[in-house]
Amino acid sequence: MTQPSHTVHTLSGTYALNALDPEERREFEAHLAECDTCAQEVRELRETTARLGAAAAGRAPDGLRAKVLAEAARTRQAPPRLEARPAARRPGPALLGLAAAACLVIMLALGVAAYRADQRADRVQAQRDEVYSVLAAPDARAATGPVSTGGRGTVVVSRQRDRAVVVMAGLARAPSARTYELWLMGEGEPKPAGTMTTASAPVVIQRVGRATQIGITVEPAGGSAAPTGAPVFAVELPA
Amino acid sequence: MAPVDLPHARDTRFRGPGRGTGPEDDLAGLVGRVARGDESAFAELYEHVSGPVYGLVLRVLRDPAQAEEVAQEVLVEVWRTASRFDPGRGGALAWTMTMAHRRAVDRVRSAQAASDREERAYRADVPAFDEVTEQAEARMEAERVRRCLGGLTELQRESVTLAYYGGYTYREVAELLGASLGTVKTRMRDGLIRMRDCLGVNR
C-alpha cells in the first residue's frame, strides 16, 4: 500500500459525490485499488451521501412497482464476481481476462446456442473460437452499458488481439427494414463494425485499432457507411 | 468533534458483514436473497428502496418522467447485479443509492439531457422538493440531514449540495461558486467528513 499524496487523497469527497470527470474518476479508482485508507474513507463518505439521498426520499409513482417487478422477472441476473476486485492490478493479467470471461460465459453460451441453429457447424466453431480467444486474452477488459431502447450491452476488448466481442442482452429486434449497426469510434469518423438484427449471437469486431468507444445505431437494412441517427448504445472501450 | 483535515492517520477498522440487527442488516439480507433469484425478496426490497431511489433521482433530474425512467433502470439494475453486492464493503442502502446517484448524474451529463435541463430552467413548473417528501421516515431523515448541513461552512454546504443534489461536476461547482478547483475539492471532502460525523455514520 502506498501512502497517498495529499492531492490524490482529497479527491475522496469529490469521488463520493460523483463529481469527478470520467478520466479523473478512473485515475482515482486505480488509486483506490491500492490505497486501503482511501477505500475505507470512500466507503464512509458513500454511507454519508446515501443519507443525503435518503433525505430526498419521495413516493415512487404508483405504476413503477409493477413495471420494475415485471422487468426484473424477464431480466437475467448477473453471476457473482469470482474475483474480489477486477480493478486491482495485483493479479496477473491472465486472471483478469478470466474474470471478464466468467461474467460472459453463460450469456455467450445462450448466444452461441441460438447461433448454431442457423449456421453451418464449422462456421459456428470458428466463430466460437474467435470469441473465446478474445475473452481469454491476457489483456481482455470488459465494459457494459444500457441500451436506450431497452436491454444492455457488454463489450470485451483485447488490444493485443486487436478484437472486441459485443454481446447484447434484452435488445429488441430491429424494426423491419432496419438493422443495428456497430461503430468503432475514436479519432476521425466512426468506422462501420458490423450489423445485427437481434441479440442472438455475440459479434466479433476485427481491427479495433485505437478506437476508444463502441456505439450502436439503428440504420436502414444492409447498414450505412456513416451513422445516420443517434446511438442507442455507446460504451467507452477500456484502454 | 473536530473537522478532520489531515489526509491520513485514521484508524481503519474493518466493518464485517452482517453485524448487529439494524435495518441495514435486514436490507443486506434481502439483497442476498435477491441475488439468488428470489422475486418476493425483490418485491420487499422495492418497498424499502424505491422511495429513496425515486426521490433522489427526481431531486437531481427534476423531471418526473425522466426520474421514473431512471429509477426503473436503477431498480432493475439492483435485481440484475444483486450478486455483486458485498456487505463487507458498505451497506445495502449506500450500494443502491450510489447506483441511483450515478445513473441520475450520467443522465444529467448526457448531451441531450443537459440541453433539456437548460430549457427547463426557464420553466417554472418544477415540483418543489418538499412537496414530494411525504413519508414520515423520510421527513425525519431530511430533518437530520438539514440540521447537519447547517453545521457546515457555507462553502462546504454549497459544494456538497450542488454536486450531490444538483448533479454538477466539481468544475461546474467551482464555476458557480467562483472558487478555485482545489478549494472546491477540499470543501467537498471536509464537508462530507463533517456530515459523516454529525450523522453518526458507522465506521
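The model is predicted. About 6,200 Å² is buried between chain A and chain B. Nine salt bridges are counted between these two chains. Over all chains, the structure holds 19.

**Chain A**

- Chain A has seven helices and eight strands.
- Of its 239 residues, 47% count as buried.
- Among contacts in chain A with a separation of 6 or more, 57% come from residues 24 or more positions apart.

**The interface of chain A and chain B**

- Chain A brings 60 residues to the contact, and chain B brings 77 residues.
- Carbon and sulfur atoms give 58% of the area buried between chain A and chain B.
- A:Arg51, A:Leu52 and A:Gln77 supply 11% of the area that chain A buries against chain B, more than any other three residues.
- The rule finds 30 residue pairs in polar contact across this interface, with both residues at pLDDT 80 or more.
- Five helices of chain A each supply at least two residues of the side that touches chain B: helix 1 (6-9), helix 2 (11-16), helix 3 (22-32), helix 4 (36-54) and helix 5 (64-73).
- Helix 4 of chain A gives the most to that side, with 15 residues.
- By type, the residues on the side of chain A that touches chain B are 25 nonpolar, 17 polar and 18 charged.

**Salt bridges between the chains**

- Side chains of opposite charge can pair when their charged atoms come close.
- A:Arg51 and B:Glu141 form a salt bridge through their side chains, at 2.5 Å from N to O.
- A:Arg51 is also one of the three residues that together supply 11% of the area chain A buries against chain B.
- B:Arg171 and A:Glu24 form another salt bridge, with their closest N and O atoms 3.3 Å apart.
- This pair joins two chains, because B:Arg171 lies in helix 9 (residues 170-177) of chain B and A:Glu24 in helix 3 of chain A.
- B:Arg171 has 36% relative accessibility, so this residue counts as partly exposed.
- A:Glu24 has 16% relative accessibility, so this residue counts as buried.
- A:Glu44 and B:Arg196 meet in a salt bridge at 2.8 Å, N to O.
- That pair crosses from helix 4 of chain A to helix 10 of chain B.
- A:Glu44 counts as buried because its relative accessibility is 2%.
- B:Arg196 counts as buried because its relative accessibility is 1%.

**Helix 10 of chain B**

- Helix 10 of chain B has 19 residues (residues 181-199).
- At 1.5 Å a residue, this helix should span 27 Å, and its end C-alpha atoms are 27 Å apart, which agrees.
- Its buried residues include B:Lys185, B:Arg189, B:Asp190, B:Arg194 and B:Arg196.
- Also among them are B:Val184, B:Met188, B:Leu192, B:Ile193, B:Met195 and B:Leu199.
- Just after this helix, B:Gly200 takes a positive phi of about 65°.

**Other salt bridges**

- B:Arg196 also meets B:Asp197 in a salt bridge between side chains, at 3.0 Å from N to O.
- B:Asp197 counts as partly exposed because its relative accessibility is 21%.
- A network of salt bridges links A:Arg152, B:Glu69, B:Glu73, B:Glu77, B:Arg80, B:Arg103 and B:Arg107.

How values were computed:
Residues are numbered from 1 along each chain as its sequence is written. Chains are lettered from A and ligands numbered from 1 in the order in which they are written. This is a predicted model: local features need pLDDT of at least 70, side-chain atom pairs count only at pLDDT 80 or more; totals for chains, interfaces and linings use all residues. Side-chain values use heavy atoms; hydrogens and water are left out. Contact means heavy atoms within 4.5 Å. Buried area is the accessible area (1.4 Å probe) that two parts lose on being put together, summed over both. A salt bridge is a side-chain nitrogen of Lys or Arg within 4 Å of a carboxyl oxygen of Asp or Glu. A polar contact is a pair of N or O atoms within 3.5 Å; within protein, one must be able to donate a hydrogen and the other to accept it, and residues adjacent in sequence count only if both atoms are side-chain atoms. Helices (H or I, at least four residues) and strands (E, at least two) are DSSP runs, numbered from the N terminus. Ala, Val, Leu, Ile, Met, Phe, Trp, Tyr, Cys and Pro count as nonpolar, Asp, Glu, Lys and Arg as charged, and the others, Gly among them, as polar. The expected span of a helix is 1.5 Å times one less than its number of residues. Buried means under 20% relative accessible area, exposed over 50%, partly exposed in between (1.4 Å probe, protein chains only).
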